[in-house]
Amino acid sequence: MFSFDDIKNICDNFVLQGEFTDFSVIKNGHINISFKINYSDNRSYLLQQINSNVFQNTEVLMNNIDKVTSFLRNKRSKMTSLFCYPTLSGKKYYIDDSGKVWRVYNYIDNSVCYNIINSPELFYKTGAAFGEFQKLLADFPIDELGETIPDFHNTAKRYTTFLSSVAADKMNRADACKPEIEFVKNRADDTRILTDLISRGELPVRVTHNDTKLNNILFDADTSEPKCVVDLDTVMPGLSLYDFGDAIRSGASTAEEDETDLSKVSCDLSLYEAYVKGYLSSAGDSLTEKEIEYLPFSAKLLTLECGIRFLTDYLEGDVYFKTSYPEHNLVRCRTQFKLVEDMENKMDEMIRITNSAAFR
């Protein structure tokens, strides 16, 4: 628990306007600890304790966020951008006496976030927001960014790590998931497609968000229009396809990530269509034809990658993802693989929908 004095002492190290009055804990989010801090003259800010176990290179992390948000503020957009407030020493983060790392953002007033996609219209707006984020950053000098999590969406390397985990079988779990192991091995060629295209210079490396879930868009509480893209901790160089694919994986599925009844798991094509139309309505003319061509495949690949990560973690003893029971990661991987299978069956229609939205 943090006291009034604890939070005030931390805030006193940042260049903020007004006098500190009070604070409240923000319960959303699973990685960082967040507070709304209130100052005189009705000013509010967002204070966060950064999870240093997940993000170990604070300098790279905050450099990426500061440069990207500064770049966004110089663009014309209906959406607002986060702002990193400096400390008294000029840095964009503060390390307290116990080694905890802190930062302060502007607080986005009159905003709401959603955890459940309750309509195609909401998913359309989410796609449009992430599409605009991509378009606004299309001319960002990518060499100025570092990797906060190296090889985060390098599916080929994820596959290599998976094979090593199968071979080691240190938890003696491989026999319990033979069908899942074969499922991945049968799609080994898929894991290399995007990385090979990068190597051949056929896909541009761009600024990517890398966590394009619905709840990382703040919407205006009155108009329900997208207001701000948040949770920029994983902003780094990557492919636009990573962001698109993961948005479909997480948003167009008809079931929860750990659904045990696989008959409930499928890719909702009406949601896929809504997101594609929203995304291309704002990002379309900033993307190459090759990027647009691979949008449907990216949905399948990012779903496969997520399933591989769950299965790898299961084989290694559940050391990365939090689990509620021994087979939790195995259940999760089965859900992802069922979604992959459904996308494969619907790929022709996904391609048709994408082409219709892109070239109408």
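Colleague: Which helix does Asp-342 lie in?

Modeller: Asp-342 belongs to helix 12, which covers residues 328-358. Bear in mind as we talk that this is a predicted model.

Colleague: What makes Asp-342 buried or exposed?

Modeller: Its relative accessible area is 13%. Buried means under 20%, so Asp-342 is called buried.

Colleague: Which residues is Asp-342 in contact with, leaving aside its neighbours within four places in sequence?

Modeller: Those are Ser-266 and Cys-267.

Colleague: How many residues does the largest nonpolar core have, and which have the most contacts inside it?

Modeller: That core has 69 residues, and Leu-194 and Ile-248 are those with the most contacts inside it. Helix 9, residues 269-283, gives the most to this core, with seven residues. A second, separate core has 21 residues, including Phe-162, Ala-188, Cys-306 and Val-340.

Colleague: What does Ile-248 touch, not counting residues up to four places away in sequence?

Modeller: Ile-248 touches Phe-123, Ser-253, Cys-267, Tyr-272, Tyr-275, Ala-299 and Met-343.

Colleague: What makes helix 3 mostly covered?

Modeller: Of its 17 residues, 13 are buried. Helix 3 takes in residues 120-136, and its reach from first C-alpha to last is 24 Å, close to the 24 Å expected at 1.5 Å a residue.

Colleague: How many disulfides does a search of the whole structure find?

Modeller: The search finds zero.

Colleague: How do you know that Cys-11 is in no disulfide?

Modeller: The nearest cysteine sulfur, that of Cys-84, is 15 Å away. A disulfide needs the two sulfur atoms within 2.5 Å, so Cys-11 is in no disulfide. Cys-84 is in no disulfide either, with its nearest cysteine sulfur, that of Cys-228, 11 Å away.

Colleague: Why are Cys-11 and Cys-84 called buried?

Modeller: Cys-11 has 2% relative accessibility and Cys-84 has a relative accessible area of 1%. Buried means under 20%, so Cys-11 counts as buried, and so does Cys-84.

Colleague: Which residues are buried in helix 1, residues 4-11?

Modeller: Ile-7, Ile-10 and Cys-11 are buried there.

Colleague: How do you know where those buried residues of helix 1 lie around its axis?

Modeller: Seen down the axis, they fall within an arc of 100°, so they line one face of the helix. An α-helix has 3.6 residues a turn, so residues three or four places apart point the same way. What covers the buried residues of helix 1 includes strand 1 (20-26), strand 2 (33-39) and strand 3 (43-50).

Colleague: What makes the phi of Asn-42 worth a comment?

Modeller: Its phi is near 60°, a positive value in a residue other than glycine. Asn-42 lies in the loop between strand 2 and strand 3. With 79% relative accessibility, Asn-42 counts as exposed, because exposed means over 50%.

Colleague: And why is Asp-231 called partly exposed?

Modeller: Its relative accessible area is 32%. Asp-231 is found in the loop between strand 9 (226-229) and strand 10 (236-238), and it has a positive phi of about 55° although it is not a glycine.

Methods: Residues numbered from 1 in each chain as written. Predicted model: local features only at pLDDT ≥ 70, side-chain atom pairs only at ≥ 80, totals over all residues. Heavy atoms only, no water. Helix = DSSP H or I, 4+ residues; strand = E, 2+ residues; numbered from the N terminus. Buried < 20%, exposed > 50% of the residue type's maximum accessible area, 1.4 Å probe, protein only. Contact = heavy atoms within 4.5 Å. Core = buried A, V, L, I, M, F, W, Y, C linked by side-chain atoms within 4.5 Å. Expected span 1.5 Å × (residues − 1). Arc of directions from axis to C-beta.
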